[in-house]
Amino acid sequence: MRQVLEGSHAVSEAVRLARAQVISAYPITPQTHIVEQLSEYCANGTLDARFLRVESEHSALAALIGAASSGVRTFTATSSQGLALMHELLHWASGARLPIVMAEVNRAMAPGWNIWADQTDSLAQRDTGWIQLYCENGQEVLDTTIQAFRLAEWVNLPVMVNLDAFFLSHTYEPVDVPDQKSVDRFLPPYKPRFQLDLANPCAFNQLAPPNIYMEMRHNIQMAMDEALTFLEQMEEEFESILGRRHGAVEAIQCDDAEIILITSGTVTSTSRQVVAELREKGEKVGLLKIKLFRPFPVNMLRERTASASKVAVIDRNFSFGASGIFAQEVKAALCNFPGHPPVYSYIAGLGGRDITMEVIENIYWLTKKSTAPENESSWVGLREVDHAVGQS
Amino acid sequence: MVEIRFHGRGGQGTVMATILLAKAFFRDGYQVQSFPLFGVERRGAPVEAYLRLDQTEILIRTNVYTPDHVVVLDQTLLESIDVTVGLKKSGWILINRPSPPANLDSFSDYRLAVVDATHIALKNRLGTRTQPIVNTAVMGSLARVLGIPSMGAISEAIREEIPRQPKANIKAAETAYKEVQMLEVVER
């Protein structure tokens, strides 16, 4: 049934429909609404799950690693500093091949203390072996969270569903909340391939010396490759039951586009409007949304950008000493592909600064006017500030 | 697309008003989007929230800069905030106050409406004497000023979302709908 729902609650509804069995979390703005609603569902019996209140995010994930090892469906949610505190255990969850699902509300890292949208928190965790998905609206958040359990359990890897702070987490909009029966058809109960079992005692995560460690890492990469393939099949099934699909990437008017904007998260939604308006003015512009960040959909990216003369990546994140993180990934994906378009990198919207239609349009015109990328990244809309550090 | 900006103070139900209105407009067939100005809310501190409505899917996910209308839940905000910033010409400014202000200079180019939502809230025992919750009265008056959404949709949204005193809240909305005073374009 379509109803007006907050982005955070789209996650909560999805977790309820997925019949998660153990939920563990520590509150942090702007994630709190997600687990607030879930704790209510656990308290009033709407969801038959154990809700664990813990003393930190590190403990929240540690508790789920224990729970998931015993073979149950698990969920947590966090943001920013909370995710950073989980870092050690993020590696553990993927290395132990546990299908834990996490909602991550993208919020800036401190200091300066900032609770607003910024993807640097989750992108800084890119090498932890988690599948990462970035959503643009409440419907996609709900659908993706349900799918995340299916995907995680299929490849035995943890999945992080990312949503922008406030622009998505605190925004109310119409969302179709499917009925339990349809979700049950798509997502059957979790059948673990291995678990802690009193009847069949065994030990997990023991010493892995040099003669086996590399193979274990390679197995994780194989699971990542499998995730890319399975995602498509899974989306087909989801579509046949629930009538929607979103795609690892989505190409909007890219076929004849000379310039393709590449976005992730809520910027994609606003960019759809910008591209439609620029098209009306006769501009040959397209939009490529990247939803799946890990595994990175390299081949899809190559195919969709092949005929463009330039691509412009908008990053609401930054890797100090380098450039925008999606831009790095796009460059890496294209570099061995002869005749690929030059990649322009733009930094915008850090710490919740608004990425308005004007900002996006400006990025398009800057790219069109330029003959070649001049910087690793161009920062859009910077104010005049005193940059002097160590120069007295 | 219509964009409406709400100014209130923490504790008045400003954000809740935009959520309830979003639900009411959705009932009446509109596409909607509502969100607060993303800050750290505290009781008594200025709060801003926004509502977008359209006939088609709303794609834009940015703050509201040029609202079509403005709603002010606490008139003391007028002393510290220019509520007309970015407001489109001949847009409505709906203010919670007993009567129109004597000096209308700062409202030229706009349309002004006033409703004594505080009095209505107190009469219906919504909130406390020092902290009346005026949001449902303001919703009712806005429905009259704009001609949308329907009062039926507002009542339904209140009934579904407000577990405490739904009847008193609906009564407040209905009273405000009747009592709001609308001035046409204010001229200098």
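Among contacts in chain A between residues at least 6 apart in sequence, 80% link residues at least 24 apart, a contact being a pair of residues whose C-beta atoms, placed from the backbone, lie within 7 Å. The model is predicted: local features need pLDDT of at least 70, side-chain atom pairs count only at pLDDT 80 or more, and totals for chains, interfaces and linings use all residues. Residues are numbered from 1 along each chain as its sequence is written, while chains are lettered from A and ligands numbered from 1 in the order in which they are written.

Chain A contains 13 helices and 15 strands; helices (H or I, at least four residues) and strands (E, at least two) are DSSP runs numbered from the N terminus. The C-alpha trace of chain A spans about 70 × 50 × 45 Å along its principal axes. Of its 392 residues, 52% count as buried, meaning that 20 or more other C-beta atoms lie within 10 Å of the residue's own; exposed is 12 or fewer, partly exposed is in between, and C-beta atoms are placed from the backbone.

Chain B meets chain A through 16 residues, which contact 19 residues of chain A. On the chain B side, α1 (14-27) and β2 (31-36) each supply at least two residues, and β2(B) gives the most, with six.

B:D28 sits in the loop between α1 and β2 of chain B. Because B:D28 has 15 C-beta neighbours inside 10 Å, it counts as partly exposed. Not counting residues up to four places away in sequence, B:D28 touches B:I148, B:P149, B:S150 and B:A153. The C-alpha atoms of B:D28 and B:A153 are separated by 6.7 Å, although the two residues are 125 residues apart along the chain.

Notes: Two residues are in contact if their C-beta atoms, placed from the backbone, lie within 7 Å.
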